[in-house]
Amino acid sequence: MTNRQATIIVEMAVQLLASLCLLAMPYIAHRDLLFGVPVGRGFRPTEPGRRSVRSYRLWIAVPSVASLLGIILFPNPIVSASAFLLTVVLDVTGFVRQNRKLKPFALQLPPVRKAELGPPERLPWFGCLGLVLLAFLAAAAAYLYTHWDRIPVRYPVHFDLTGAPDRWTDRSIRGVFGPLIFGGALAVWMLSAALAGWYGSRRFGPMRKAMLGVTLAAEAIVAFLFGQVVIMYLTKRTSEYHNGLCDRPV
Amino acid sequence: MAAPEIKIDASFSTPLVRQIVDQLRVLLVEGSLKPNSALPPVRRLAIDLGVHFNTVAEAYRQLAAEGWLDLRHGRGAIVLEREAPAASKRDMAGYRQRLRELVSQMRAQGIPAANIAAELKAIAEGFE
């Protein structure tokens, strides 16, 4: 099997997994909610509920199949990335579409509502993790800045399935700090989403703490993914490159 | 000790602002909300009660105007130490009228006068 074939299989697997996750979305939400609308537990088996789920499935399935065919027929990284992005964009629009359609079926708030007048709530202990992860990315950037001379003039930034480098870049501000800045922006966005979810939802909601934890875990993955470029630039692979083990004509 | 609660009922004809103000005032008079303690931020209480932010903001403003709360930007709503002002004759006449209406309503529903008097006494003494 060639590297290109292996890459196509991985891209198809990623696309398939993403499509399955998107198709499962109505089933992994709280049973009282359908496409973000509080419809109550008995709504899903009704005709409007089933119609809504059917319509969403079709909305996701068609572009997913088209994307998979696109990856097979036009094996090109740009086609794969575009197909994946298209599926995600269509998923968001499909979700919003169903959300709008189900709005008339939303349950009204119960007339009697209670609120506790306790002191302002505090974030759970793991809430500070969001800032620690940003600090980690900042420390990675500072480390790269102070060890600039140790970064090779050309170095690998992407590796194939066998671990051999297949994409290279030059030592420049954009090349070195670009991934960190992008990762930092993504992490800030995720942290904002986590805090907005925490402070914007009702106190003592059953999923509130879990949602904060999941969003911060996603932020941690992003931070470590982009933070590891520091290790990539300055450790084993780079030294192998210096020693001529990863041969690449400059 | 559990934090005090307020409860609103949107099906009542009484406006929501009034319900919030009345219940907070009861807690303030009873001493369940101590001086220098902080009330939840406007947005937090509005989300928990499922009402518009302006409804809670208006309730806080009314209580601040009565001298119960200190509303400073960035600090939220802080309960103040408040000296009870002397009620004027006009105020007393107004309260007497409202009490008469309430007592009449209770009597009309068959509650004996002695029970009403005992309830009123318990409530009044509980506030001291």
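**Note on chain B and its interface with chain A**

1. From the N terminus, chain B runs β-α-β-α-α-β-β-α-α, that is, five helices and four strands (DSSP runs, H or I of at least four residues for helices, E of at least two for strands, numbered from the N terminus).

2. This is a predicted model, in which local features need pLDDT of at least 70 and side-chain atom pairs count only at pLDDT 80 or more, while totals for chains, interfaces and linings use all residues. Residues are numbered from 1 along each chain as its sequence is written, chains are lettered from A and ligands numbered from 1 in the order in which they are written, and side-chain values use heavy atoms, with hydrogens and water left out.

3. In the interface, 21 residues of chain B are in contact (heavy atoms within 4.5 Å) with 18 residues of chain A. On the chain B side, B:Arg44, B:Ile47 and B:Asp48 lose the most area to chain A, together 30% of what that side buries.

4. The rule finds zero salt bridges between chain B and chain A (a side-chain nitrogen of Lys or Arg within 4 Å of a carboxyl oxygen of Asp or Glu). Strand 1 (5-9), helix 1 (16-30) and helix 2 of chain B each give two or more residues to the side that touches chain A.

5. B:Arg44 lies in helix 2 (residues 42-49) of chain B. B:Arg44 counts as buried because its relative accessibility is 6%, the cut-off being under 20% relative accessible area with a 1.4 Å probe, protein chains only. Leaving out residues up to four places away in sequence, B:Arg44 touches A:Glu121, A:Trp198, A:Tyr199, A:Gly200, A:Ser201, A:Arg202, A:Arg203 and A:Arg208.

How values were computed
Buried < 20%, exposed > 50% of the residue type's maximum accessible area, 1.4 Å probe, protein only. Buried area = accessible area lost by both parts, 1.4 Å probe.
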